[in-house]
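This briefing walks through one protein chain for a reader who is new to structures. Please keep the sequence and the 3D view open while you read.

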Amino acid sequence: MIEPQAPAPPGSAQSGDGPCGPGGGPVRLPVRQGTGRFLVLAGVFVCAACGLVYELELVALATYLMGDSVTQASVVLSVMVFAMGVGSLAAKRLCRHAAAGFGAVEAVLALVGGCSAMALYAVFAWTGDWGGAWASGPRVLLVAFSLATGLLIGAEVPLLMELIQRIRRQDAGGAVADLFAADYVGALVGGLAFPFLLLPFLGQLTGALITGAVNAAVGGALVLGLFRQDLTRRARLLLVVTNTCVLTVLASAAVLVDDFEHAARHALYGPDVRVALQTGVQEVVLTGGRDGRPLDLYLDGRLRISGRDAPRYHEALVHPAMAGPHARVLVLGGGDGLAAREVLRHPGAHRVDVVGVDAGVVRLARRDPALSALNGHALDDPRVRVSAEDAFDWLRGAPPAAYDVVVSDLPHPGVTTSTKLYSQEFYGLARRVLKPGGRLVVHGGPVASRPHDFWTVETTVRAAGFRTAPYRTRGRLADAAAGPGRIPADTGRAHRDWGFVLAARTDPELRLDPSGPRPRTLTDASLAADARAAARTRVPGLPPSTLVHPRYAR
């Protein structure tokens with residue numbers, strides 16, 4: 001609420017200084033002073049909402065493209081906050097021309113913020129696999145956009161403060177309170193609009209473009225509508241032309257965004273993209289699966305399933321754990337149905353519960369002809385029950401001693417969103433739901449390229465009260481491993497093996513069920529060799545990973 005201020009005596013100067021020092025007299029407005037201040041504060045509200053959307057957009061896209069949300073969020077936010085301080089200092093030079101300066105800042109911010117997502121995506125898609133000096137190109141561009149956006153957002157505050165004070169002078173504390181109140185409420189609205197409105201309904205690219213258009217329109221309208229008398233005729237014309245060009249660029253990009261995404265997706269995944277959808281949890285892409293081409297499943301840009309090596313991976317994951325009682329089996333992750341397929345090959349499996357966080361992947365696994373054929377329509381088997389929930393939360397409410405086998409078919413622990421699913425607390429919950437004599441098997445990521453992570457998984461499982469038998473299996477093709485590597489940046493370094501940890505309350509025996517089905521890629525002899533190969537990579541002395549102290553490398 002803006003308190004009214006008594007007018008100064010006739011002929012006297014009004015009290016109060018702007019952020020740049022003593023300001024000039026009040027400007028002539030086309031509306032009353034109170035209305036003018038309200039419109040400026042409304043502009044602050046909108047600009048703050050747009051600024052926070054730009055920040056969240058950079059964090060979200062960087063996490064999707066480069067992984068590890070903690071690191072990316074830290075880089076973006078710290079660089080932007082630093083740049084905002086620099087921008088505030090730099091804006092002092094513009095305070096003598098606050099209206100023109102604010103109009104220019106908003107036009108540039110709208111262009112930079114609105115196009116940042118497309119620029120990052122384009123660089124990652126078309127140049128992310130260049131390597132050499134450009135290996136860190138997308139990360140450098142992320143920092144550059146964070147810096148530029150922070151500079152421009154920081155420049156808004158002193159300019160807006162000067163404009164508010166030029167409408168009607170008031171004490172500095174009251175003006176700052178009004179400005180920051182509008183700014184913080186706008187940030188709240190922008191922060192809520194991004195995950196609940198812009199991202200699910202418009203997507204990352206279109207959402208950023210529309211935000212930029214709103215930013216440019218509001219900034220231009222505020223200056224040209226309220227402070228046009230502060231601008232020379234040439235400045236007004238230049239501002240109109242600039243905003244028109246910015247809005248034209250943003251509108252053109254919005255019209256072409258679907259074609260752009262299509263082309264970028266083909267650059268990332270190759271020309272055989274068959275399904276691409278945003279489920280609300282992640283982006284899901286299917287390639288191949290027709291005309292004899294192998295099917296690949298990508299989740300948020302990470303190769304999760306390769307049709308060429310899926311049997312090798314899932315047989316190694318499931319079959320050693322099934323050597324023993326296996327009437328009731330719990331699969332954590334595995335919404336693609338491939339782990340459940342291997343479990344159902346064992347005639348003694350009477351109940352299989354699959355817990356996957358993304359219902360969209362489960363629907364695709366049931367309905368897509370190629371993926372459902374690959375998983376043998378396992379999710380439609382009457383013995384299978386599927387729950388679309390977070391595995392950690394589901395385990396907390398699960399009945400104790402309910403399962404003979406728990407299969408943890410989850411993404412690599414180095415992915416930030418998966419860290420809690422590789423914690424001591426998580427394995428403690430898994431131990432609670434196992435029957436006496438039950439077995440747990442965990443996918444621990446690649447052994448050869450990330451031994452620290454793999455042996456941290458093994459240490460963490462032991463810290464939860466298990467005895468362990470670690471082993472690994474190799475993929476046939478270096479670029480076909482179903483690991484979490486980014487595409488295309490990690491194509492040349494794709495994981496050549498997968499590591500697993502078989503665990504039980506007593507020393508587990510690493511073998512195949514003699515009365516079970518014969519795997520196509522696994523024998524008792526190969527399992528023993530795989531265990532010896534894994535043991536040679538052991539990293540001793542590692543501490544377990546916990547919820548409050550994750551230990552996995554980024």
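Which residues in H7 are buried? In this predicted model, the buried residues of H7 are Ala310, Pro311, Tyr313, His314, Glu315, Ala316, Leu317 and Val318.

**The whole chain**
- The protein chain has 554 residues, and 53% of them are buried.
- Its secondary structure comes to 14 helices and 11 strands, and its C-alpha trace spans about 100 × 45 × 45 Å along the principal axes.

**Helix H7 and its surroundings**
- Helix H7 is mostly covered, since 8 of its 9 residues are buried.
- Those buried residues pack against one helix, H8 (338-344), and against strands that include S4 (302-306), S8 (403-409) and S9 (434-445).
- Strands S10 (467-474) and S11 (497-504) are also among the elements against which the buried residues of H7 pack.

- Pro320 lies in the loop between helix H7 (310-318) and strand S5 (328-333).
- Pro320 counts as buried because its relative accessibility is 1%, and the cut-off for buried is under 20%.
- When residues up to four places away in sequence are not counted, Pro320 touches Glu315, Tyr471, Leu502, Leu510, Arg511, Leu512, Leu522 and Leu527.
- Pro320 and Pro436 are 116 residues apart in sequence, and their C-alpha atoms are 17 Å apart in space.

**Helices H4 and H5**
- The axes of helix H4 (residues 137-167) and helix H5 (residues 172-226) come within 9 Å and cross at roughly 130 degrees, which means that H4 is oblique to H5.
- The crossing of these two helices, H4 and H5, is right-handed.
- On the H4 side, the residues that meet H5 are Val157, Leu160, Met161, Ile164 and Gln165, while on the H5 side they are Ala175, Val176, Leu179, Phe180 and Leu222.
- Sorted by type, the residues of this contact are 9 nonpolar and 1 polar, with no charged residue among them.

**Helices H3 and H6**
- Helix H3 (residues 98-127) packs with helix H6 (residues 233-269) at an angle of about 15 degrees, and their axes are 10 Å apart.
- H3 and H6 are therefore roughly parallel to each other, and angles under 35 degrees are the ones that count as such.
- The crossing of H3 and H6 is left-handed, and the residues of their contact divide into 21 nonpolar, 4 polar and 1 charged.

**Aromatic rings**
- A search of the whole structure finds 12 aromatic pairs, and one of them is formed by Phe180 and Tyr184, whose rings are tilted at 45 degrees between the planes and lie 5.7 Å apart, centre to centre.
- Phe180 and Tyr184 are separated by about one helical turn, because they are 4 residues apart in helix H5.
- Phe180 is partly exposed, with a relative accessible area of 33%, whereas Tyr184 counts as exposed because its relative accessibility is 55%.
- Elsewhere in the chain, Tyr313, Tyr471, Trp498 and Phe500 form one aromatic cluster; Tyr313 is also one of the buried residues of H7, and Tyr471 is also one of the residues that Pro320 touches.

Conventions
Residues are numbered from 1 along each chain as its sequence is written. This is a predicted model: local features need pLDDT of at least 70, side-chain atom pairs count only at pLDDT 80 or more; totals for chains, interfaces and linings use all residues. Side-chain values use heavy atoms; hydrogens and water are left out. Axes are lines fitted to C-alpha atoms, for helices over the stretch in contact, and angles run from 0 to 180 degrees between N-to-C directions. Angles under 35 degrees count as roughly parallel, over 145 as roughly antiparallel, 65 to 115 as roughly perpendicular and the rest as oblique. A crossing is left-handed if the near helix is turned anticlockwise from the far one by less than a right angle, and right-handed if clockwise. Contact means heavy atoms within 4.5 Å. Ala, Val, Leu, Ile, Met, Phe, Trp, Tyr, Cys and Pro count as nonpolar, Asp, Glu, Lys and Arg as charged, and the others, Gly among them, as polar. Rings of Phe, Tyr and Trp (its six-membered ring) pair if their centres lie within 6.5 Å; planes under 30 degrees apart count as stacked, over 60 as edge-to-face and the rest as tilted. Buried means under 20% relative accessible area, exposed over 50%, partly exposed in between (1.4 Å probe, protein chains only).
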